[in-house]
Amino acid sequence: MPELPEVETIARSLAPLLTGRRVRRLTLRATRLRKPLDSSLAEAVYGRRIEEVGRRGKYLLLHLDDGFTWIWHMGMSGCLVHQRLGETQAARKHDHVIAELDDGGRLVFNDPRRFGLSLVDRMATCGLFSAMGPELLDVQAFNGPYLASWRRRTGRNIKDVLMDQRVVAGLGNIYASEILFVCGLRPTRRLARMSRAACDAVVVAAREIISEAIEHRGTSVSDFLDGIGKPGGYQWRLRVYGRRGQACPRCGSAIKSVLISQRSSFYCPRCQK
DNA sequence: GTAAACCTGGCA
DNA sequence: TGCCAGGTTTAC
């Protein structure tokens with residue numbers, strides 16, 4: 001579920017509901033997500049006011065009034081949903097973290113696979129972000145020359161490189177496939193063998209696809225929901241992801257898939273060179 | 001580099 | 001029953 005457009009969608013839907021709210025109580029119903037959850041989390045957020053809702057790469061950020069940030073990662077299957085006073089419901093299976101707010105609303109983290117993450121840290125010193133690459137939509141930082149500069153440093157294929165959070169933050173398996181379709185490059189293509197113009201084309205396609213996906217509020221393949229429990233709409237616009245054997249939207253050839261770094265990558269054998 | 005690990009659920 | 005799934009880390 002949660003690549004950049006999905007996390008951005010969650011952040012935008014939660015911002016008006018969480019900004020200015022204080023955390024009144026925290027309930028942990030699982031002992032560990034990707035890392036152990038302990039009572040220090042409750043101590044860190046108790047009584048704190050949420051000043052701002054943000055995002056960095058695939059991480060959702062709740063900036064608190066003491067300079068710390070409540071950092072969330074959705075893993076593969078996590079959803080962070082706000083329930084208003086009156087629509088609160090009994091805890092469901094896989095509701096792992098429940099925060100009660102000062103207006104009677106609740107913030108509930110549900111994650112069947114428990115690959116998610118919830119912790120409090122300072123952004124400036126948090127190791128999760130120290131090696132993270134630029135934001136994909138930051139034109140000053142993520143551009144053709146920047147991507148081309150990685151050609152010296154890696155002989156990897158372009159699909160791997162795009163999904164490397166140290167190169168650019170926010171891309172995962174769905175959008176990497178979509179971007180490479182739009183710019184006509186095979187996912188197996190080595191970055192080192194790409195021209196400067198090809199690097200430019202990848203960046204342009206990335207901005208286009210990600211902007212479009214944010215406009216459509218992300219992709220719900222099976223279970224993605226935004227901060228108010230509403231699915232995204234971009235799954236209807238996917239060009240190649242998950243469409244093995246179906247017709248390429250451009251030329252009609254059958255979409256193929258290939259395993260790259262243990263992940264399925266989808267491409268059109270005719271349109272992508 | 002590549003595989004396996006962490007987890008559950010859905011589908012063939 | 002086995003395989004696959006939006007991610008990341010850790011171990012050969």
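## An enclosed helix

Nine of the 10 residues of helix 6 (residues 173-182) are buried, so this helix is largely enclosed by the rest of the structure. Buried here means under 20% relative accessible area, with exposed over 50% and partly exposed in between (1.4 Å probe, protein chains only). Helices (H or I, at least four residues) and strands (E, at least two) are DSSP runs, numbered from the N terminus. Among the buried residues of helix 6 are Ile-174, Tyr-175, Glu-178 and Phe-181. They pack against helix 1, helix 5 (158-163), helix 7 (196-215) and strand 10 (263-267), where contact means heavy atoms within 4.5 Å. Just after helix 6, Gly-184 takes a positive phi of about 75°.

## How the model is set up

This is a predicted model, in which local features need pLDDT of at least 70 and side-chain atom pairs count only at pLDDT 80 or more, while totals for chains, interfaces and linings use all residues. Residues are numbered from 1 along each chain as its sequence is written, chains are lettered from A and ligands numbered from 1 in the order in which they are written, and side-chain values use heavy atoms, leaving out hydrogens and water.

## Sheet 1-6-7-5

One open sheet has four strands in the order 1-6-7-5, paired antiparallel; two strands pair if DSSP finds at least two bridges between them. Strand 1 (23-28) and strand 5 (79-83) stand at the edges with a single partner strand each, so one side of each has no neighbour in the sheet. On average, neighbouring strands of this sheet are turned by 15° against each other, direction ignored. Axes are lines fitted to C-alpha atoms, for helices over the stretch in contact, and angles run from 0 to 180 degrees between N-to-C directions.

Five antiparallel bridges join strand 1 to strand 6 (residues 95-101), and Leu-26 has Ala-99 of strand 6 as its bridge partner. Helix 1 (residues 4-18) lies across strand 5, strand 6 and strand 7 (106-110), at about 30° to strand 5.

## Sheet 2-3-4-8

Another open sheet of four strands, also antiparallel, has the order 2-3-4-8. Its edge strands, strand 2 (50-56) and strand 8 (117-121), each pair on one side only. Strand 3 (residues 59-64) and strand 4 (residues 69-73) share five antiparallel bridges, with Ile-71 of strand 4 as the partner of Leu-61. Helix 1 packs on this sheet too, touching strand 2 and strand 3, and its direction makes about 170° with that of strand 2.
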